[in-house]
Amino acid sequence: MTPTLSIAIGQLNPTIGDLQGNTALMLAAARQAERDGADLVVFPELSLTGYSPADLLDDADFVRRLRVASEALRAASRATPALHWVVGLPVERQAAGGKRFYNALQVLRDGQVVLEQYKQLLPTYGVFDEGRHFAPGPDAAPVLRIGMARVGFLVCEDGWNDAGADYPVNPCQRLADAAVDLVVSINASPSQKGKRQQRHAVFSKACARHGLALLYVAQVGGHDQLVYDGGSFAVEPDGRIVHEAARFAPALDTLRFDIATRRFGRADGAALADVDAAGLPVLAFYRQQIVLGLRDYARRCGFTQVLVGCSGGIDSALTLALAVEAMGTSNVVAITMPSLYSSAGSVADSVALCRRLGIALLQVPIQDIVAQVSATLHGAIGERPHGLALENLQARTRGTLLMTYSNQYGQLLLTTGNKSELSVGYCTLYGDTNGGLGLIGDLYKTEVFALARHLNATAGRELIPAAILDKAPSAELAPGQQDSDSLPPYEVLDEILKLLIEGELLEPDEHRAAHAAVRALAATAEGAATIARTKALIARSEYKRRQAPPIIRLRARAFGNGRQLPIAARPY
């Protein structure tokens, strides 16, 4: 009989800093893996702390707890004495000088560390800043024999440099030189548009080049801005991807690895088929990413209900629909706050929307409050607010009411701004930017409409009324106001923004389309002026984005810690 290795994919949803809870997750998965006959169970990168603990690693109390938890994790492996656990955790360095920790992989068996390996390639781009806390590991490729198999290991970024473009070290080449039977790669790997295809391409190409069989195990769950989509996978030596775990959900899949042929099969011995290369359509991806991001953010922060200001416009409508999917109808509350300039249609659309979603809607008119504030200022300075000051006063009145309700009843207030508006500062600090989390802040306005139509199509009915989808966008803060009064049409603006904000990080097709649109626009004097004005608006609005709540990241460059620009600067 051909020798095999039975491997369990422990695709978990750890919570950053919950050392006991994360250990319990791993122990429960290991016990199930043992019952399933596994020889090896593999958990994600930094599975003990969650990815990434960031400056918690500078906290003396957390470091003390980490030491205790590391011992407890080793002790927990005694519960399954024949099973090898592959875990990720920070390990304190013994050498003087340099960073205090390694980003480490350990293989545990029956209470012992039988292999310890340190991440060599530390990303410091985009949302990553591992060089802040971790030292790079040595250029080494330790091999562990498990049964009849020679197993080598990678920690996330270590597997992304086979082309040699970013680092002088190539851990994949080291493993090929070591003639391992199987490579186990532990990862966190935050999700974004196109990331699944990128992962598959990088690891498929590396495996085919070196003739390596590889198991890629990823994290799942939402942490602040970042969402991890899971989707752990297996790659055979010819580069074929033959298994993919669930996306956006924990998984414990067991595979059988044939050591002689270096092929994967199901636990029952059945063959595996090639994984569908296409994956989720982009709108379905956005939807699942946002829903999981909100659900985990609320759960980890202790919120059971969310609150949304409902204007009767498309942004708040989409935010409410996604919130209902994530939290359930009984845990979502909407408040509509009509002003002197709100159309009757906006109030009626809010009522129709909330009725279709099955959620509570409160109506709190703000006209009297705005008038009282205006009168108070007039008494003090002899002049009432007007123009932009009056528009922002209405937005800030709404923001104050929403935060007051949130404080009174303990609900998480969701902001409703989209990426187009946040880019050019079409928002009011301490008004519509109030809240704890933004769901659609990484969706351009045209994508907001597309995702809303997608929700309606998949529901088979109008969750979001056609009247909301068909109306011209407007903040309704002045008589007859429309967004197009001060902004280019969103179909034009969004292409400019994609190129200016994301540029080469766009997927190829999207980059070509945006580049062509902007090039055509720049061919006219009016178009060139529009591009220049947009650049200036982006730069001038950085101070607003710096004070905005976190937004769920969907794209390679989202506003937040992955885009670092100065405020007091003159970039154009």
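Predicted model: local features only at pLDDT ≥ 70, side-chain atom pairs only at ≥ 80, totals over all residues.
1. On the H1 side, the contact with H2 is made by Leu19, Thr23, Met26 and Leu27, which meet Phe62, Arg65, Leu66, Ala69, Leu73 and Ala76 of H2. By class, these residues comprise eight nonpolar, one polar and one charged.

2. The length of H1 is consistent with its residue count: at 1.5 Å a residue, its 17 residues should span 24 Å, and the C-alpha atoms at its ends are 25 Å apart, which agrees. Just after H1, Gly37 adopts a positive phi of about 85 degrees.

3. The buried residues of H1 are Leu19, Asn22, Thr23, Met26, Leu27, Ala29, Ala30 and Ala33. The elements that cover them include strand E1 (4-11), strand E2 (40-42), helix H2, strand E3 (84-92) and strand E14 (251-258). Leu19, Thr23, Met26 and Leu27 of H1 belong to this buried set, and these four residues also meet H2.

4. Helix H5 (residues 282-301) packs against helix H6 (residues 314-327) at an angle of about 60 degrees, with 9 Å between the axes. The two helices are therefore oblique to each other, and H5 passes H6 in a right-handed crossing. Arg287, Ile290, Val291, Leu294, Arg295 and Ala298 in H5 meet Leu322, Ala323, Glu325, Ala326 and Met327 in H6, and the residues of this contact divide into eight nonpolar, no polar and three charged.

5. H5 also packs against helix H11 (residues 445-459), where the axes come within 10 Å and cross at roughly 90 degrees; this makes H5 roughly perpendicular to H11. The residues that meet are Leu283, Ala284, Tyr286, Arg287 and Ile290 in H5 and Glu447, Ala450, Leu451, His454, Leu455 and Thr458 in H11. The contact has seven nonpolar, two polar and two charged residues.

6. Lys119 is found in the loop between strand E5 (112-118) and strand E6 (144-146), and it counts as buried because its relative accessibility of 1% is under the 20% cut-off. Leaving aside neighbours within four places in sequence, Lys119 is in contact with Glu45, Asn103, Glu130, Ala135, Pro136, Gly137, Val155, Cys156, Glu157 and Asp158; Glu45, Glu130, Glu157 and Asp158 in this list are of the charged class. Lys119 and Ala140 are 21 residues apart in sequence, and their C-alpha atoms are 10.0 Å apart.

7. Glu542 lies in helix H16 (residues 542-547) and is likewise buried, with a relative accessible area of 6%. Beyond its neighbours within four places in sequence, Glu542 is in contact with Arg563, Leu565, Pro566 and Ile567. Its C-alpha atom is separated by 8.3 Å from that of Ser423, although Glu542 and Ser423 are 119 residues apart along the chain.

Definitions and conventions
Residues numbered from 1 in each chain as written. Heavy atoms only, no water. Axes fitted to C-alpha atoms, helices over the stretch in contact; angles between N-to-C directions. Parallel < 35°, antiparallel > 145°, perpendicular 65-115°, else oblique. Left-handed = near helix turned anticlockwise from the far one by under 90°. Contact = heavy atoms within 4.5 Å. Expected span 1.5 Å × (residues − 1). Buried < 20%, exposed > 50% of the residue type's maximum accessible area, 1.4 Å probe, protein only.
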